[in-house]
Amino acid sequence: MSTGLAKPRSTQISEAGFGFLLNAPAVALITALMLYPIAASFWGSLHFQHLRFGSVSQFVGWQNYLDIFKEDDFWDALRVSAIFAGATLAMTTVLGTGAALVLNENFPGRGFVRALVLIPWAIPPVVNGLLWQWIFDGKVGIFNQLLVDLGAIDTYQSWLANTDPAVVLAALVFAHVWKTLPFSIIVLLAALQAVPADLHDAALVDRAGPLSRFRHVVLPWLMPALVVVLIVETLTAFQAFDLIYVLTGGGPGTTTTTLAWLTYLTAFDRLDLGHGNAYGYIIAMIQFMLAAMYIFTLRSGKGVAQ
Amino acid sequence: MMSGRTNGSTRRRFIANAGLTIGAASASLVAKPTLAQAPKKLVYVVWAFEPQTHREHADRFEAENPGYKVELVTINFRDYVKKVLAMVNAGEQIDAMLVYNFHVAAWSEGGIIQSVDGMPGLDALNTDMLPFVHDIMMYKGKQYGLPYYQDIAGFLWRDDIVKKVGFSGPPKTLDELKTQAVEIKKQKIMDYPIVFEAILTPSSMYYFYSLVYGAGGRFFDKELEPTFPDRDTMPVQVLDWLVEAFQNWKIVDASSMEMDPNKVRDVFAAGNVTFTVLHRYYMRHLNNPKVSKVADQVKFGEIPAAPSPNRAAEGWARLYGMGKTAPNKEDAWKLIQFLGGKDKSGHYYTAERWVDLQGLGPGYTPVLTSPKVIADTSKWVDTTIAGKMAQSAVVREISKATWYPEADLVLQQQVQRALLRQAKPREALATAAAKIQEIKKKA
């Protein structure tokens, strides 16, 4: 039974059409700037395309991917990327949570400190690289001076070309964390501020200690924010390029050759665009799988605030 | 009627006259450009070394050839190769460009540069060209440019320090180099008397190639198969010595692996180093009291090594190449001929200026042996020794392979692994050889 409120069918279509029209510029822009390059690079990953051989483009199917999986360089770079991402994730999560807890407390100058924390995040990545290049310089670096003054070392060391690969990677991780930590702090701080005061009060009434309150009250509320932090920091760690470009160039040897750096070398140094595109998609797939794993593991865990 | 005819005639005459006037005006407008044609645009692409000098040369060319306007495109070193390839692949006009000698093969095969064979005046220029420089310009029997400059790497030492610690002259072998460096360290003059440009960066590692060539070793045979680690053991021997020098004797600064040639030059000029291996043309800077604390104390000579019939210095050249996207080969050649050859007065104008301003080695014998150039160059380097070394210079064997950049990177990575003791020298070089064979097979 029809009512007087029902709109004619033609009006509904025109509304939908109107809605589509309103969105059309954005859709066109997204298609042109994102979907097309994504599709074109995937198509490129299925081709032999090597700038050194001119504009030749030959369809090779999945061969580029198979070539990559057969290369030792890929597995070495994957190992370096995993170590780099693992170390940066551990540091940003632990330090980010700690700093967010501190900044959530009331103390004089809290606003100023919160603003100060954001500064590294606002620094352009290449500038960050140059900054750390000077700090770690084996001849005139301030890090060397600091350690000499503290009596930790006798003579200046080369941190970015150290004999111990772990030292070089640690220097890279430190520089990377310095840049990305503010993001984690801000996200976690926002989550902390959303924890209801009632829950804290109830826990205090139940005579829960600080650790117990953190574990049973704060942590469950932090979980969604932690998922965001873990996903974003994983993406950032796997994409880390600027620092490596400026600080180590993937060396010494292949110590800091991550997947992102190997992708750059393949596409822009060897000019092998086919394999370079394939590397890009492999990194994207790894990131996608890790993100899915975080969401599945952390969101399905007990006591996680949904 | 009459008046009507008159009127009609006047009107027709007016229209006819107006037509003539418009026609004449149009004709004059059309004719104008043919009388004073707009200059033809030539695009000249360079890496960012002294771009103002390149501009001055372009200006001089324009003054000598009023029909041309040169657009200078300067690209930073790091992006040079990528940007040039991207420009050519996108069809952008490049008439003349700087080319590294180790890209001649790949760029000719890839359609980035084109041969200059058959261009007027080429044969006359070739007769003046240094033989090894001419050889560098050639690929598969065709010539791909004219010389920008040539140079060699050699051994640099601080004469004052060597004498101060009690030695009469520079080391003649690697053992002597160790002895002198240890003594300098012992007398607490320097913590690390030696630095090398050991940074991981494309087509670097001159020190390693030079130490091997200087000792008579080679890396590849005529089929471009690696002769290291076992057929020619010199690369392994040199790497063994380097590892000990870096790790055990501590006479080489570990920061070397952060240093490119310019940084080594600056550290040397600051007085913090006694020995290194570096390009000849850096001597001009190091012996210039305005920019160097060690001016007049820096000497240049052969690599310390036991005598060998194969002893050689590493040599190279950079060239002015012709872009495949040059719209008119004859026009592009005019610019290249000026930049890499003679000006209208018959002088090697740019080559002489590069020697004068930057100490870059000329690719032509008449310039190299001219009294003025010898007199100028003698102020900062021993021209007799440098000249002798240039005569026997060898170019990296695989620099004419299309797969050179990949192979070069692999070799650098493995040498660094050995220096950091991540692999033993022989093992690292065996890995490099295997990887290079794989690269060659795929190419």
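Predicted model: local features only at pLDDT ≥ 70, side-chain atom pairs only at ≥ 80, totals over all residues.
Some ground rules: residues are numbered from 1 along each chain as its sequence is written, while chains are lettered from A and ligands numbered from 1 in the order they are written. Local features need pLDDT of at least 70, side-chain atom pairs count only at pLDDT 80 or more, totals for chains, interfaces and linings use all residues, and side-chain values use heavy atoms, with hydrogens and water left out.

View 1. You'll find B:Lys185 in helix 8 (residues 174-186) of chain B; helices (H or I, at least four residues) and strands (E, at least two) are DSSP runs, numbered from the N terminus. With 28% relative accessibility, B:Lys185 is partly exposed, a label for values between buried (under 20% relative accessible area) and exposed (over 50%), using a 1.4 Å probe and protein chains only. Leaving out residues up to four places away in sequence, B:Lys185 touches several others, including B:Tyr192, B:Trp249 and B:Lys250; contact here means heavy atoms within 4.5 Å. B:Trp249 sits 64 residues away along the chain, yet the two C-alpha atoms are 9.8 Å apart.

**View 2. B:Lys250, a lysine with a positive phi.** B:Lys250 belongs to the loop between helix 10 and helix 11 of chain B. Its phi is positive, about 55°, even though B:Lys250 isn't a glycine. Most residues other than glycine have a negative phi. Is B:Lys250 buried, exposed or partly exposed? It's partly exposed, because its relative accessibility is 38%.

**View 3. The buried residues of helix 11 in chain B.** This helix covers residues 261-269, and its buried residues are B:Pro261, B:Val264, B:Arg265, B:Val267, B:Phe268 and B:Ala269. What do they pack against? Their partners in chain B are strand 7 (146-158), strand 8 (275-279), helix 12 (282-286) and strand 9 (298-301). After the helix comes B:Gly271, with a positive phi near 90°.

View 4. In chain A, the bond joining A:Gly251 and A:Pro252 is cis, with omega about -5°, and A:Pro252 lies in the loop between helix 11 (242-247) and helix 12 (259-269). In chain B, the bond from B:Phe228 to B:Pro229 is cis with omega near 5°; B:Pro229 is in the loop between helix 9 (206-214) and helix 10 (234-248).

**View 5. A:Leu271, a buried loop residue.** Look between helix 12 and helix 13 (273-299) of chain A, and you'll spot A:Leu271 in the loop. It isn't a glycine, but its phi is positive, about 65°. A:Leu271 counts as buried because its relative accessible area is 2%.
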